[in-house]
Amino acid sequence: MPSFDPYDRGCPSRDLLDQIGSKWAVLVLGELGRNGTSRFGRLRQALAGVSEKMLTQTLRTLERDGLVSRTVYPEVPPRVEYELTALGQTLREPLKALTEWSVLHIEEVITAREQYDDRTERTR
């Protein structure tokens, strides 16, 4: 079995980290983890600010990586539902922890950003 090290150039785990660490992927995975199976429109509504194009791209990437499944029902009009796969379910806890950390520490981050911006503005 090959060993993968994201610190090595060309390691495919780097690409995976980039994809699952994107803002929209984290939010899509989180939404599907919290509320289960969802249709596209419901996801778009739940993820305020996501464009149709970006949500489509994110869902396709997550499906390609085996984290989300897409089910098309042969109805008129067609009904499409998305849900986490067993592999996607394994990301629920790590992403929940990351999301909770961001909420818990956002005020400190905002303060740090303001201080940084003030320092760099004075040196210009």
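Student: Is the crossing of α2 and α6 left-handed or right-handed?

Tutor: Bear in mind that this is a predicted model: local features need pLDDT of at least 70, side-chain atom pairs count only at pLDDT 80 or more, and totals for chains, interfaces and linings use all residues. Residues are numbered from 1 along each chain as its sequence is written, and side-chain values use heavy atoms, leaving out hydrogens and water. If the near helix is turned anticlockwise from the far one by less than a right angle, a crossing is left-handed, and if clockwise, right-handed. By that rule the crossing of α2 and α6 is left-handed.

Student: How are α2 and α6 oriented to each other?

Tutor: Helix α2 covers residues 23–35 and helix α6 residues 92–122, and their axes are 10 Å apart at an angle of about 115 degrees. Axes are lines fitted to C-alpha atoms over the stretch in contact, with angles from 0 to 180 degrees between N-to-C directions. Under 35 degrees is roughly parallel, over 145 roughly antiparallel, 65 to 115 roughly perpendicular, and the rest oblique. So α2 and α6 are roughly perpendicular.

Student: Which residues of α6 make the contact with α2?

Tutor: Contact means heavy atoms within 4.5 Å. From α2 come V26, L29, G33 and R34, and from α6 come R92, L95 and T99.

Student: How many helices and strands does the protein chain have?

Tutor: These are DSSP runs numbered from the N terminus: helices are H or I with at least four residues, strands E with at least two. Along the sequence they read α-α-β-α-α-β-β-α-α. The count is six helices and three strands.

Student: Does Q19 count as buried or exposed?

Tutor: Q19 sits in helix α1 (residues 12–20), and beyond four places away in sequence it touches A25, T61 and D65. Buried means under 20% relative accessible area, exposed over 50%, partly exposed in between (1.4 Å probe, protein chains only). With 18% relative accessibility, Q19 is therefore buried.

Student: What percentage of the protein chain's 124 residues is buried?

Tutor: For the overall dimensions, the C-alpha atoms fill a box of roughly 60 × 40 × 25 Å along the principal axes. Of the 124 residues, the buried share is 23%.

Student: Which peptide bond is cis?

Tutor: Look at the loop between β2 (68–73) and β3 (79–84), where P77 lies. Omega is near -10 degrees for the cis bond from V76 to P77.
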